Amino acid sequence: MGGLVLKALVFYAPGDVRVVDRPEPIVNAGEVLIKVAAAGLCGTDRHIADGSYTSAKSMVLGHELAGVIQEVGHGVEHISVGTRVCVDPNLGCHSCNYCRAGKPHLCLNAQAVGVTRDGGLASYVSVPAELCHPLPEGLSPVHAILGEPLSCVVHALDRANIELGSKVAIWGLGTSGIMMIQCLRAMGQPTIIGVSHHEDQRNLALRAGATQVMTQEEAKQSLEVDLAIEASGSPSAFEPAFNALAPGGRMLLYGVMSPGDVVSLKPEQMFRRELTLIGSYVGPRTLDRALSLLAARIVEPEMILGDRLNLEEAREWVLKEGARKRAKAYVVFE
Ligand SMILES: [Zn+2]
Ligand SMILES: [Zn+2]
């Protein structure tokens, strides 16, 4: 290697995202160089692109990636060249209170691939070796790009601590909502209701194992569930989801809202009906379980992967230009 120039999708400033030539990444001690096989796009990239999610500038986007290790830096011994890996983008500092308490995702000095340092929307990226998770037998790198979003779903369902036999409804049937339905079906949950205003997403939810689907308007009438999952990222879904909680019910806040978003909530209802609100952020230490779920086809990659884009189309996607693409949109590097 050396002197290679690669095409990359780079975020410069809110509204300014470009496909540019970048030099081959430097591989520092403790890092590995990955030849990227594919990278997924997600709502977080759109939030970065419009400035509503804090990130580094002049940075390659892409926090959902998998590929093959091409080179290892000084001191890297546990993983070797040629290993196929998925990257956990979230890096804790190892020294703050939260890292010491085993909660690296709450780290006060957190770094993230594709958010605070160069990501995988380029044919090569260097990342700390500790973030690389070898792929299980039979899982292709292209399918493995779903590992990161699924690791967040696994963490969220851990946090929800759902009881068997519960009634669950999910607002928002994008990639995460559909993955949640597949996981809930595998857990044997008898009532899984998908809520979306997109007919194509409602149909996909039924194929994924939802027992019932509804429009947002329909879900405002007489729905009562033990667990309401807000996976749309839209503040307008908060109140209907909250109002659908049965006594003792729990609401999982999963969708990425903007920092300035405000919702209204009835504290008297929370008090008298003993309701619980649960937040869930990223997927700490859940990536290996996510990859197992993909390899076992509990979550079916083909059902989740949508339109394959080139980098220029990916630029339009993050800036919300061009035609609507089927989730999960992704880029493959040959
Ligand atoms: Zn993502
Ligand atoms: Zn820390």
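**Entry 1**

I began with N161, which is exposed, at a relative accessible area of 54%. I noted the cut-offs: buried is under 20% relative accessible area, exposed is over 50%, and partly exposed is in between, with a 1.4 Å probe and protein chains only. N161 sits in the loop between α4 and β11, and its phi is positive, about 50°, although it is not a glycine. Helices (H or I, at least four residues) and strands (E, at least two) are DSSP runs numbered from the N terminus.

I then turned to S58, in the loop between α1 (43-50) and β4 (59-60). Its phi is near 50°, again positive in a residue other than glycine. S58 counts as partly exposed, at 38% relative accessibility.

**Entry 2: Ground rules**

I wrote down that this is a predicted model, where local features need pLDDT of at least 70, side-chain atom pairs count only at pLDDT 80 or more, and totals for chains, interfaces and linings use all residues. Residues are numbered from 1 along each chain as its sequence is written, chains are lettered from A and ligands numbered from 1 in the order in which they are written, and side-chain values use heavy atoms, leaving out hydrogens and water.

**Entry 3: Domains and core**

I found the protein divided into domain 1 (5-146 + 305-332) and domain 2 (151-279), with bounds from an automatic or database domain assignment. Their centres, taken over C-alpha atoms, are 28 Å apart. The contact between them (heavy atoms within 4.5 Å) takes 9 residues from domain 1 and 10 residues from domain 2.

Which residues have the most contacts inside the largest nonpolar core? They are L150, V153, I170, I181, I229, Y254 and L291, in a core of 47 residues. Such a core is a set of buried Ala, Val, Leu, Ile, Met, Phe, Trp, Tyr and Cys residues joined through side-chain atoms within 4.5 Å. Its largest share, 7 residues, comes from α4. The core draws at least three residues from each of domain 1 and domain 2. I also listed what L150 touches, not counting residues up to four places away in sequence: M179, C183, A290, L293, L294 and V299. Apart from this core lies another, of 37 residues, with I69, V76, A129 and V331 among them.

**Entry 4: A pocket**

I looked at the second largest pocket, which holds about 330 Å³ of space. On a 1 Å grid over the protein atoms alone, a pocket is an open set of points where a 1.4 Å probe fits, with protein on both sides within 12 Å along at least five of seven lines; lining residues have an atom within 4 Å of a point. The volume is the space filled by probe spheres set on the points, which are joined across faces, edges and corners. Of its 18 lining residues, D88, N90, P104, E130 and R285 are the closest to its centre.

R285 also came up with G102: they are 183 residues apart in sequence but 9.6 Å apart in space, C-alpha to C-alpha. G102 is partly exposed, at 30%.

**Entry 5: Around α12**

Is W317 buried or exposed? W317 is buried, with a relative accessible area of 12%, and lies in helix α12 (residues 311-318). Not counting residues up to four places away in sequence, W317 touches L41, C42, G43, R46, L309, K325 and A329.

Last, I marked a cis peptide bond joining A327 and K328, with omega about -15°. K328 lies in the loop between α12 and β18.
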